[in-house]
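Please read these points with the model open beside you.

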Amino acid sequence: DGCGHTILGPESGTLASINYPQTSPNSTVCEWEIRVKPGQRVQLKFGDFDIDDSDSCHSSYLRVHNGIGPTRTEIGKYCGFGFQMDGLITSKSNEVTVQFMSGTHTSGRGFLAAYSTTDKSDLITCLDNASHFSEPEFNKYCPAGCVIPFADISGTIPHGYRDSSSLCMAGVHAGVVSNTLGGQINVVISKGIPYYEGSLANNVTSKVGPLSTSLFTFKTSGCYGTLGMESGVIPDSQITASSILEWSDQTGQVNIWKPENARLKRVGPPWAAFISDEHQWLQIDLNKEKRITGIITTGSTLAEYYYYVSAYRISYSDDAQKWTVYREPGMDKDKIFQGNTELYQEVRNNFIPPIIARFFRINPLKWHQKIAMKVELLGCQFSIGRAPKITMPPPPQNKNNDRNDDFSDDFIHSVKTSLQTDKTTFTPEIKNTTVTPSVTKDVALAAVLVPVLVMVFTTLILILVCAWHWRNRKKKSEGTYDLPYWDRAGWWKGMKQFLPTKSAEHEETPVRYSSSEISHLRPREVPTMLQTESAEYAQPLVGGIVGTLHQRSTFKPEEGKEASYADLDPYNSPIQEVYHAYAEPLPITGPEYATPIIMDMSSHPSAPLGVPSISTFKAAGNQAPPLVGTYNKLLSRTDSTSSAQALYDTPKGQSGPGAADELVYQVPQSVAHSTGSKDE
């Protein structure tokens, strides 16, 4: 009658005296028999030890034995108030007996101890908390049975737990370890927060906690993502139920609480069964096998309908035909999960080890008023292949065939046992909750495509850079007066401002000479072709005569007073050279001066040689350039019967002398502007 809190697992466990941590009653006794796998040994660690030693361990003590039964041998006998036992007590076999005796005493809490196999060198007890360790990150092994009523925790995942919380009890609450099996925890210490929330998970209630200097969290495999109930990834057609609650309210509206309403945090009514009994179920089809690590449930979440499920059972299947009820490893009974205690609070339960299945079914066992709930599943993609095919090794050569058959049977049995144990107790870590079953192929494909794409893009960039550089070099190599190739098409638009009106551009304006006026003209020798030396400036631009240009214009103002058409009288002024204010540079290989216009006057009488003529050509220096080419002279032929003086005709549209004998000639380049008097 002296046994207190006790959980004896296959690899670890927790045991305590009756009424711990209060004073143990007088005259009580308890004996624990601990067994682990053959070939292993047991180690025992005390978290608290407070036994009366007033009679030198005669009536109150704790005794540890190697073995079980009458053949056991004593390892040690212990007593004392606040006794600190350094290190571990280790057995010599896989069996240990622990005996507690409480005599007459007035004080003493008794004891709390944890055990495990000797391969768990970092064993701790259920009373250890984060403040007992100075490392910022550490690994420890928690024994089974650390959900104890006399310990408390504050906080929840993912925010963290207050540093005063029991490490192992917080590990159970977080779903990192199982209270039935125990397990390894990876703890990370960080700065505390002002407020710690409370929640109910895995049959552990976390309380609200105040500010603390530090907190701790757990490193996990990361397989705790939602599987699609809340988000809608799981379609309505894949959520079914045994029955559906349907009724009409006072207004006559029909209410149907369908299975697809059973989505966590979804506004509105939940799923509810038409009949409330232990044969109802809610089924979820995940479309393919998933690794399911937990479940979160709530009640109806409607204040006027105070419905919720307080306990349930879990079944799973690969084909929706053969169902397996979830059990914890080493247990011969179905596990009953604690559900909700009211209709709003979210309650989480984790599966250790996780469930690998496509179809998931919830079977309510206890409820309040009616069966109604909302659900979300936790887990990740299942990307681990199935168990490899077993290859039998050849049996040892032996003349005894019976022994060979026995060996084969024993080997097959041991392989099956090993595979079953690995499947239920050791689960491979999944580092990413979004890994798909084809991740290996995708990685191999990416390893090939990524370098190829990088090379292609690099080549394109180099080609563009080289083209840009080549274009810039070509642009720099162009002459000072040369037009870039992209500007040559639009040169004429830029030259229109220097040209006369449209009629002068496209029409050849005739000039009439009378026979009396032609006699005043004298022949004038004008070069038709120029030397190859380039002149500084070319002829001025006048309407109707300019041919196709091939170079960009440059402008040079004349020094002194600028000549204009108003200052020049082409009819009466003496010989004078008139220059345009701006000029066009000539090409290096072209003639230095413009080609004069040849006027055919063979049918007119010759004029006296004393009549001056107007020229618009500028020679380099004082000497006229030598004459080259076929046409060396400009011959002005006049009729001998004409008048003695040759004058220009009057502007177009006005009457003048000798109108009857007028001849039409091409307008000279120097006086092209006189044709525009009519338009003006």
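The numbered points below go through these topics in turn.

1. Basis. This is a predicted model, in which local features need pLDDT of at least 70 and side-chain atom pairs count only at pLDDT 80 or more, while totals for chains, interfaces and linings use all residues. Residues are numbered from 1 along each chain as its sequence is written, and side-chain values use heavy atoms, with hydrogens and water left out.

2. Disulfide count. A disulfide is taken here as a pair of cysteine sulfur atoms within 2.5 Å. The count by this rule is 5 disulfides. With the bonded cysteines counted along the chain, the pattern reads 1-2, 3-4, 5-7, 6-8, 9-10.

3. Cys-3 and Cys-30. The sulfur atoms of this disulfide are 1.5 Å apart. The angle about the S-S bond of Cys-3 and Cys-30 is 95°, and the link is right-handed. Because Cys-3 belongs to strand S1 (residues 3–8) and Cys-30 to strand S3 (residues 28–35), the pair ties together parts that are 27 residues apart in sequence. Helices (H or I, at least four residues) and strands (E, at least two) are DSSP runs numbered from the N terminus. For accessibility, buried means under 20% relative accessible area, exposed over 50%, and partly exposed in between (1.4 Å probe, protein chains only). Cys-3 has 39% relative accessibility and so counts as partly exposed, whereas Cys-30, at 3%, counts as buried.

4. Cys-57 and Cys-79. Here too a disulfide is formed, with the sulfur atoms 1.5 Å apart. The link of Cys-57 and Cys-79 is left-handed, with -80° about the S-S bond. Cys-57 sits in the loop between strand S4 (42–50) and strand S5 (61–66), and Cys-79 in the loop between strand S6 (73–78) and strand S7 (89–90); the pair links distant parts of the chain, 22 residues apart. Cys-57 has a relative accessible area of 13% and is therefore buried. Cys-79 is buried as well, at 12% relative accessibility.

5. Cys-142 and Cys-168. This disulfide has an S to S distance of 2.2 Å. The torsion about its S-S bond is about -90°, so the disulfide of Cys-142 and Cys-168 is left-handed. Cys-142 lies in strand S10 (residues 137–142) and Cys-168 in helix H1 (residues 167–174), so the link ties together parts that are 26 residues apart in sequence. Cys-142 is buried at 1% relative accessibility, and Cys-168 is buried with a relative accessible area of 1%.

6. The sheet. In which order do the strands of the open sheet of 5 strands run? The order is S1-S2-S9-S4-S7, with antiparallel pairing. S1 and S7 are the edge strands, since each pairs on one side only. Two strands pair if DSSP finds at least two bridges between them. S1 and strand S2 (residues 12–17) pair in the antiparallel sense over 4 bridges, and the bridge partner of Cys-3 in S2 is Ser-17.

7. Strand S9. Is strand S9 (residues 110–117) mostly covered or mostly open? It is mostly covered, with 8 of its 8 residues buried. S9 pairs with S2 in the antiparallel sense over 5 bridges, and Leu-15 stands opposite Ala-113 in S9. S4 is joined to S9 by 8 bridges, and these two strands run antiparallel. Val-42 stands opposite Thr-117 in S9.

8. Aromatic rings. Rings of Phe, Tyr and Trp (its six-membered ring) pair if their centres lie within 6.5 Å; planes under 30 degrees apart count as stacked, over 60 as edge-to-face and the rest as tilted. This rule gives 20 aromatic pairs. One of them is the edge-to-face pair of Phe-46 and Phe-49, 5.4 Å centre to centre with 90° between the planes. Phe-46 is buried at 13% relative accessibility, and Phe-49 is buried at 2%. The rings of Tyr-306 and Tyr-308 have centres 5.9 Å apart and planes at 75°, so this pair is edge-to-face. Ring pairs also link Trp-32, Phe-46, Phe-49, Phe-100 and Phe-111 into a cluster.

9. Surface patch. Val-448, Leu-449, Val-452, Leu-453, Val-456, Phe-457, Leu-460 and Ile-463 form a nonpolar surface patch, together with about 740 Å² of accessible area. Patches are made of residues with over 30% relative accessible area and no salt bridge, with like charges joined within 9 Å and nonpolar side chains (Val, Leu, Ile, Met, Phe, Trp, Tyr) within 5 Å. A salt bridge is a side-chain nitrogen of Lys or Arg within 4 Å of a carboxyl oxygen of Asp or Glu. Accessible areas come from the Shrake-Rupley method with a 1.4 Å probe; for residues, only the protein chains shown count as cover. Val-448 is in helix H3 (residues 439–477) and counts as exposed at 53% relative accessibility.
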